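Dear colleague,

Please open it first, and then read the notes below alongside it.

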2 protein chains.
Amino acid sequence: MSLPHAILTALLEKPSSGLELTRRFDRSIGYFWSSTHQQIYRELGKLEQAGHIRALPSPQPTRGQKKEYEVLPAGRAELADWVGRSEDPRPVRDPLLLRLRAAAAVGGGDVEAELVRHLELHRAQLADYREIERRDFPPERRISRQDRLRHVVLRGGIELESFWTGWLTATLAELTGAGAAGPGAAEGAFGHEAPDGPAGASGRTRPDAASDGA
Amino acid sequence: MSLPHAILTALLEKPSSGLELTRRFDRSIGYFWSSTHQQIYRELGKLEQAGHIRALPSPQPTRGQKKEYEVLPAGRAELADWVGRSEDPRPVRDPLLLRLRAAAAVGGGDVEAELVRHLELHRAQLADYREIERRDFPPERRISRQDRLRHVVLRGGIELESFWTGWLTATLAELTGAGAAGPGAAEGAFGHEAPDGPAGASGRTRPDAASDGA
DNA sequence: GCCGACATGTAAATTGTTACATGATTAG
DNA sequence: CTAATCATGTAACAATTTACATGTCGGC
């Protein structure tokens with residue numbers, strides 16, 4: 001999957017120990033590929049065995065002792081190769097949307113408080129991103145392709161959080177703004193089947209794409 | 001996690017067999033919680049053992065034979081309880097954003113083709129969602145809370161896809177529109193650490209994507 | 001000498017993916 | 001009767017999460 005490549009990226013940006021990586025996964029790289037220290041240590045071991053990274057020489061590499069890693073040429077090559085690979089977007093798997101859908105199915109439940117809570121969280125994350133953008137990407141600067149890439153990734157984070165705050169705000173307005181009609185209304189609504197696509201007997205299929213052109 | 005609750009929701013909406021569920025996970029429920037038939041069968045077994053669902057009586061429940069399930073009161077109770085629970089948004093884990101960040105780190109690589117491909121996929125999904133909205137949620141209809149919930153969930157899907165198409169379009173413009181300056185420029189850019197600690201909430205401003213319905 | 005922070009790990013359980021196996025039903 | 005399709009599963013593996021275990025170092 002992508003964890004080793006996230007680690008290679010982080011180590012290319014700056015050689016680090018496992019704990020340092022863990023911290024950067026809490027705020028920088030981890031904004032787009034989150035992970036925990038357990039996974040990171042395990043993956044560091046694999047990457048070292050594979051000859052993609054190596055531990056910088058140190059006095060005694062014992063247990064509680066800091067151990068820094070750097071990327072080897074083989075690791076850089078692997079990452080460059082991965083960058084050129086193709087991968088479909090992952091299907092959405094969002095507990096909040098599912099929860100609302102479940103709320104529609106069982107009826108009742110005050111979901112509004114949870115929506116407000118999420119709104120605050122997303123607003124905070126958005127403010128965080130905006131601050132990083134203000135600090136690292138001043139408007140008139142002449143920038144390299146590297147910086148452009150980093151900036152569009154950050155824009156992705158900003159716009160994603162903007163989507164959430166916008167949708168949550170609108171949803172709260174929709175759910176609290178007008179009184180709910182009685183239950184048991186209109187059939188045929190979303191949740192009662194979408195039109196049939198060509199569905200094979202095994203596994204999910206991304207509902208057809210590439211047809212578009214618009 | 002959420003898979004059993006996704007299944008309970010789907011079965012509440014309509015009792016189904018494993019294969020029918022698999023198909024609905026390809027187009028309806030699965031838009032927000034994807035899964036495969038293997039996982040679904042495994043989970044159906046667990047839910048049955050837990051007394052949350054039961055197989056509808058049928059002649060002989062042998063192997064290749066269709067087996068329909070319905071939700072029992074205990075299952076409905078569990079789902080209602082889950083709806084009321086609180087859960088933080090999942091940290092982002094997106095291979096495409098990570099890939100761009102890796103491209104910035106290793107330099108080179110033409111990432112543009114992959115962006116175009118994703119743009120087409122998201123446009124197709126967006127068109128699909130819009131069609132469902134047009135069909136299932138005509139504008140002037142008086143609607144119940146159930147329908148409101150289902151509609152906001154669909155709006156979530158629509159706005160999420162709008163975010164992607166908007167961001168991908170802008171990113172392609174940014175990367176192909178202007179010639180890249182030489183490599184090795186500006187340090188201190190995003191990717192070289194963000195500030196520590198939590199950030200306060202802030203008012204939202206809408207940048208550009210994820211627009212239309214909110 | 002001990003405590004808290006730093007630092008690296010192990011183990012077990014759950015969840016998700018990939019590949020394969022098997023039986024039933026129906027059209028030709 | 002045979003192939004395609006419907007339908008339900010098993011097995012093995014990979015990824016992720018949660019809980020715990022161990023060791024080092026500096027300050028007091």
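Predicted model: local features only at pLDDT ≥ 70, side-chain atom pairs only at ≥ 80, totals over all residues.

Turning to the chain as a whole, buried residues make up 49% of the 214 residues in chain A. Among the contacts in chain A with a separation of 6 or more, 58% are accounted for by residues 24 or more positions apart. The chain exposes about 9800 Å², and carbon and sulfur atoms supply 53% of that area.

An unreviewed UniProt entry lists residues 92–175 of chain A as "domain: Transcription regulator PadR C-terminal". Over those residues the chain is 81% helix and 0% strand, while the end C-alpha atoms are 23 Å apart.

How do helices H1 and H2 of chain A cross, and at roughly what angle? The axes of H1 (residues 3–13) and H2 (residues 18–25) come within 11 Å and cross at roughly 105°, and since angles of 65 to 115 degrees count as roughly perpendicular, H1(A) and H2(A) are therefore roughly perpendicular to each other. On the H1(A) side the contact is made by Leu3(A), Ala6(A), Ile7(A), Ala10(A), Leu11(A) and Glu13(A), and on the H2(A) side by Leu21(A), Arg24(A) and Phe25(A). These residues divide into 7 nonpolar, no polar and 2 charged.

Methods
Residues numbered from 1 in each chain as written. Chains lettered and ligands numbered in written order. Heavy atoms only, no water. Buried < 20%, exposed > 50% of the residue type's maximum accessible area, 1.4 Å probe, protein only. Contact = heavy atoms within 4.5 Å. Areas by Shrake-Rupley, 256 points an atom, 1.4 Å probe, with all protein chains shown as cover. UniProt positions renumbered as here; feature names shortened; annotations may be inferred. Helix = DSSP H or I, 4+ residues; strand = E, 2+ residues; numbered from the N terminus. Axes fitted to C-alpha atoms, helices over the stretch in contact; angles between N-to-C directions. Parallel < 35°, antiparallel > 145°, perpendicular 65-115°, else oblique. Nonpolar A, V, L, I, M, F, W, Y, C, P; charged D, E, K, R; others polar.
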